[in-house]
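Good morning, colleagues. Please bring up the sequence and the coordinates, and I shall take you through one residue and then two interfaces.

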Amino acid sequence: MFRRPREDARALVRFTFDGAPLEAREGDSVAAALLAAGVTACRTTPVSGAPRTPYCMMGVCFDCLVVVDGVGNRQACLVPVRDGMAVESQRGKRELGA
Amino acid sequence: MATADVVVIGGGLHGCSAALHLARAGASVVVLEKDHVARHASGVNAGGVRRLGRDFAEVPLSVASLELWNRIEELVDDPCGFERVGQVKVAEDEAALQSMRERSETLRRSGFTHEEVIGRDELREWLPAVAPHCVGGVVCRDDGAALPFRTTLAFRRKAESLGVRFHEGICAQAFERSGGAWRVWSPHGTFEGGALVNAAGAWAGEIARQLGEPVPMAATALMLMITAPVAPFVKPVVGVQGRPLSFKQYANGTIMIGGGQRGRADLATNRTSLDYARLAFNARTAADLFPRLRHAQIVRAWAGIEGMMPDGIPVIGPSCTQERAWHAFGFSAHGFQLGPIVGSIIADLVTRGATGLPITPFSIARFTPGAA
Amino acid sequence: MSPGLRDEYDVAVIGAGPAGLAAASLCARAKLSTVLFDEQAAPGGQIYRGITQSPLADRSILGADYWAGEKIAREFFASGVQYVPRATVWSVTAEREIGVSTGGGSRLLQAKHVIIATGALERPFPIPGWTLPGVMTAGAAQTLLKSSGIVPDGRTVLAGSGPLLWLLAWQLLNAGATLDAILDTTSRESRARARTHLPSFLISPYLLKGLKLLRSVRKRVRVVSDVTQLEAKGDARVQSVAYATAAQGAPVGMPVDNLLLHQGVVPNVNLALSIGIEHRWDEEQLCFVPVLSPSGATSVPGIYIAGDGGGIAGAQAAAWRGVMSASDIVRAVNPEAARRAAKAARTTLEHFARGRKFLDAYYRPAPQFRVPAGDTLACRCEEVTARQVIETVALGCPGPNQMKSFLRCGMGPCQGRLCGLTVTELIARERGVSPQEVGYYRLRPPVKPITVAELAELPKDDAAVKAVVRI
C-alpha cells in the first residue's frame with residue numbers, strides 16, 4: 001500500500017492494467033504506477049502460480065514481470081509508463097504471440 | 001599406488017558407462033577424472049537420445065543403445081529424465097524431403113526401419129506450430145531426450161555401488177606399460193591397472209598421441225542456449241535438414257536451442273567463449289521454423305568442450321600400438337545417446353576381446369597411414 | 001536500435017551510478033571516445049536514482065548527501081560522453097566485444113577499455129514469507145520515494161540491519177510516512193566484535209552523520225533491538241510479521257501492510273563473473289568480490305570494475321573509484337591529468353575508507369538471516385526451498401552448478417542475483433567447508449534475457465555460415 005505526495009507537478013498519464021483504467025505520473029515506471037494504484041499482484045509464478053509484486057525496483061529480481069502492449073516478460077520497474085499503455089499481469093508461463 | 005583391473009581415463013558419460021559395464025562383468029575399476037564427473041560435454045549437451053540422422057556406421061550401435069535407454073532405470077536406478085517424445089527432422093523443401101526418402105530407403109534395405117518419412121499433414125500433427133513453408137520430414141517415434149548431467153551422475157553412482165572407485169581432480173598425464181601392467185602417473189598419485197581405457201573426451205587426442213597413435217581431433221566448444229518458460233507448444237525434439245539445429249521444449253516450458261555452432265575452447269583452462277554472431281545463426285534457424293519463438297527470451301547460453309573427428313564418427317576399439325588399451329572418444333557432438341552401448345562394447349572388448357556390434361569403421365587405425 | 005552507435009569506442013562504461021558517471025566524464029574530457037550504457041531512463045544508478053528528475057520539491061526529505069549527486073550528473077552531461085539510457089548490456093567478452101540491447105534491437109560493438117560500474121544490489125534476505133506481495137527491499141521503497149515521490153501507506157515496518165535502513169527510515173519520516181517499527185537484526189555478537197574497529201570509526205566521515213540520523217529516527221519510531229527471528233505471514237499478501245528477540249525467545253506478531261527488508265548491499269557480480277573475471281570470497285563483507293588492483297583493474301586485461309561492484313565502500317567512494325579506473329586509461333593520452341586525478345582520488349578514498357571496517361563488522365548480517373532452513377525459499381524465481389538444496393547436497397552435489405540437474409535453483413530469470421549467496425552459504429554450511437571452496441554459479445551471457453528475435457537479427461557473419469558442424 002502506497003500513497004502519492006500531495007503535490008506532484010508531473011503530467012498525468014492514463015494507462016490500463018488488465019483492462020482497468022489507472023492513472024500515473026510522467027516519469028513513473030510501470031511498477032511504481034501499479035504500486036501507487038494499489039495493485040497487489042502484477043504476476044503469478046510459472047512454478048506454483050503464487051502472486052508476486054515488484055520486490056527490488058532496480059531490475060534484478062524479475063518479480064515485476066508484466067505484459068506491456070502485448071509483449072510479455074517486461075520488467076515493469078524498467079519501463080517508463082506512457083499514455084495509452086496497456087499493461088497486463090503475467091499469469092504463469094506466458095503464451096508466445098503467434 | 002592404487003591398483004585395479006582397469007584404469008579408465010575420463011569421468012564423462014563414456015568413462016562412467018565403461019566403468020559400470022566393466023564392474024558388472026566383474027572387473028575392478030578405477031576412473032580418473034581431471035575435473036569432476038560430467039564437467040564437460042557429458043554434463044552440458046543437448047541431451048538428445050537420437051537414432052535419427054546418424055552416420056550409417058553408427059546406426060547399429062545407436063539402435064542397440066536405444067534398447068538400453070528403454071531400460072535405463074533398471075540399468076542405473078534412475079530414469080535420467082528420459083522422455084520418449086520422438087525426434088522429428090523437418091524438410092523445408094522438396095529436395096530435402098527427397099533426400100530423406102532416399103536415406104530411409106537405404107536404411108530399410110539394411111533392416112533398419114526407425115526413420116519414417118512424413119508429409120505435410122503428418123508433420124503438422126507432430127509440430128502444429130511449424131512454419132507454413134515446411135513440406136514434411138522424417139520422424140523416429142521412439143527417440144527423445146534425457147538430462148545429460150543427471151544421466152552421467154546416475155551411471156557414476158551405479159558404478160560406485162558396484163565397487164568402482166572415482167578419483168576427481170586427478171589429471172592423468174603420463175602412461176607407461178611395463179611388466180604386463182599400465183602405470184598412469186598424475187601429479188597427485190600413480191595408478192596401476194591391467195587395462196587402460198581412454199575416454200577422455202576432448203583431451204583424449206593427447207592420450208592417443210602419447211600412446212603413439214596421434215589422431216586429427218579438434219577440441220571445440222559447441223554452443224547451446226535456453227529460454228525462459230513458455231506455454232507448451234512443441235513436444236518432440238526437432239531438427240531440420242540442411243541447417244544444424246537441435247530444439248527441445250521441456251516439461252517446465254523452457255526451450256533449448258542449439259545446433260553445431262562453434263565458440264572457442266581452451267583445453268588448458270577449461271574456459272569456453274561464445275560467439276554471438278554464430279549463436280545468432282541458431283536463433284534465426286529456430287525462428288524460421290517456429291515463427292512464434294521470436295518473442296521467447298534467451299536466459300542463458302553456454303558451450304561444452306567436445307572432441308570432433310574430421311569424419312564425424314568416434315574412435316571406438318583397441319589401440320593399434322599398445323597392448324591392453326582401448327579407446328572411446330571423439331563423439332563429435334553426438335555421443336550422448338551412444339553412452340550406454342559404448343560402455344558395454346568396451347567392457348566386452350576388455351573382458352572377452354570381442355564385441356557383437358560392428359565397430360570396424362570406428363577403428364583408430366583409420367588415421368594411421370599404412371596401418372592394419 | 002540506437003542509430004548513432006559506433007562499431008568501436010576507446011572506452012565503454014556500463015552503469016550510470018556515481019562510479020560510472022565520474023569515470024566516463026574523465027575519459028571523455030581527455031578526448032577519448034566514450035560511451036556509457038545504463039538500463040534506467042535517467043542517470044544516477046541506485047544511490048542517486050532520479051537525481052535529474054525527482055518529483056520531490058522539498059530537498060530536505062532526501063538530504064544533502066543525495067543531492068550531492070547533482071554535481072556529478074551535471075559534469076557528466078557537460079563532458080561529451082555518448083550517453084545511452086535504457087540500454088541493457090547482455091554480454092561482454094574478454095576481448096571486450098559488447099552485446100547491447102537498446103530500442104528493441106541488439107548489436108555488437110567493440111571497446112578498447114571497459115569499465116564495469118554496475119554497482120551493488122541488496123543482499124538476499126530469505127525469511128519465511130519473503131516472496132509475499134507487500135514485502136520488498138528497503139532500496140525499493142527508497143527508489144519509489146526518489147523517482148516518484150511515493151511513500152508507504154498503512155502499517156509499515158522496516159526490518160534488518162545496516163546504515164541504509166536508518167537512512168531510509170529518516171527519509172520516509174521526512175516525507176511524512178508513518179513507520180510502525182524498526183525490527184533491528186543487528187546482533188550483540190557483531191556489536192561486540194566491531195569494538196576493535198571503533199577508533200577508526202570515531203575519526204571517520206560516517207560518525208557524526210550516522211549518530212545524528214540514528215538519534216532522529218529513534219525519537220520518532222519504535223525500535224526493537226536484537227531481533228533474532230523474522231517471519232512474514234499472510235495469504236495473497238503480507239498481513240503480519242512475527243519476530244523474536246534475543247531477550248524474548250517466543251515470537252510475537254504485529255499486523256503489517258508493508259514490510260521493508262534490508263541487510264546490507266553486495267556487489268552485483270553477474271556481468272563480471274560471466275566474463276571470467278577472477279573473484280574471491282570476502283569473509284568480512286560475506287560476499288564474492290572481484291580481485292582488483294588499486295585502480296580497479298581486473299584479471300582480464302582492459303577491463304576495470306569501479307564502484308561498489310568492486311566491494312562495498314559507499315557512494316562517495318564510488319565516484320572516486322571511477323576516477324581511479326579512468327585515470328589508468330587516460331594516462332596513455334594525458335599523463336599529467338591522469339596523475340592529478342589519481343592523486344586526488346587516492347587521498348579521498350583513504351578518507352572514506354576509515355570507519356568501513358567498523359560498519360562492516362557492526363552490521364554483519366547474522367547467520368540465521370543469511371542461511372534459511374526448511375520450507376523457506378532460497379530461490380525466488382524457481383521456488384526452491386532451503387530443504388531441497390540441503391537434500392541435493394546429500395545426494396552428492398558439492399556445489400551450486402552440479403545442483404542444476406536436479407533443481408532449477410539459480411536457473412530462473414534473475415540468474416542467481418537473489419539466491420547465489422544464499423545457496424553458496426547453504427552448501428558451505430552443509431558440507432562444513434568455506435564458501436570460497438564451494439564457489440558460485442557459473443554465470444554465462446546473456447546476463448539479462450534477450451529475445452530470440454533480437455539475437456537472430458544480429459548482423460550476419462559469413463564465417464559463421466562456414467563454421468557449422470554437422471551434428
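A4(B) lies in strand β1 of chain B, residues 2–9, where strands (E, at least two residues) and helices (H or I, at least four residues) are DSSP runs numbered from the N terminus. This is a predicted model, in which local features need pLDDT of at least 70 and side-chain atom pairs count only at pLDDT 80 or more, while totals for chains, interfaces and linings use all residues. Residues are numbered from 1 along each chain as its sequence is written, chains are lettered from A and ligands numbered from 1 in the order in which they are written, and side-chain values use heavy atoms, with hydrogens and water left out.

Is A4(B) buried or exposed? A4(B) has a relative accessible area of 9% and is therefore buried; the term means under 20%, with exposed meaning over 50% and partly exposed in between, for a 1.4 Å probe and protein chains only. Contact here means heavy atoms within 4.5 Å. Setting aside neighbours within four places in sequence, A4(B) is in contact with S28(B), V29(B), V30(B), R165(B), E192(B), G193(B) and G194(B). As for V31(B), 27 residues away along the chain, its C-alpha atom is 9.8 Å from that of A4(B).

I turn now to the interface of chains B and C. Chain B brings 52 residues to the contact and chain C brings 39 residues. About 3900 Å² is buried between these chains, with carbon and sulfur atoms giving 57%; buried area is the accessible area (1.4 Å probe) that two parts lose on being put together, summed over both.

How many salt bridges are there between chain B and chain C? The count is 1, under the rule that a side-chain nitrogen of Lys or Arg is within 4 Å of a carboxyl oxygen of Asp or Glu. R294(B) and E457(C) form a salt bridge, with their closest N and O atoms 2.5 Å apart. From chain B, the elements that each supply at least two residues to the side touching chain C include α7 (148–161), β12 (218–227) and α9 (276–289). The largest share comes from α9(B), with 9 residues. By type, this side of chain B divides into 25 nonpolar, 14 polar and 13 charged residues. Nonpolar covers Ala, Val, Leu, Ile, Met, Phe, Trp, Tyr, Cys and Pro, charged covers Asp, Glu, Lys and Arg, and the others, Gly among them, are polar.

The two chains also share strand pairing, which requires at least two DSSP bridges between the strands. β17(B) pairs in the antiparallel sense with β23 of chain C, residues 450–451, over 2 bridges. Within β23(C), I450(C) is the bridge partner of I298(B).

Next comes the interface of chains C and A. Here 47 residues of chain C are in contact with 37 residues of chain A. The area buried between them is about 3500 Å², with 56% of it on carbon and sulfur atoms. Between chain C and chain A the count is 2 salt bridges. In a salt bridge, the side chains of D153(C) and R3(A) meet at 2.9 Å, N to O.

R3(A) also stands opposite V151(C) in β9(C). Strand β1 of chain A, residues 2–3, and β9(C) run antiparallel and are joined by 2 bridges.
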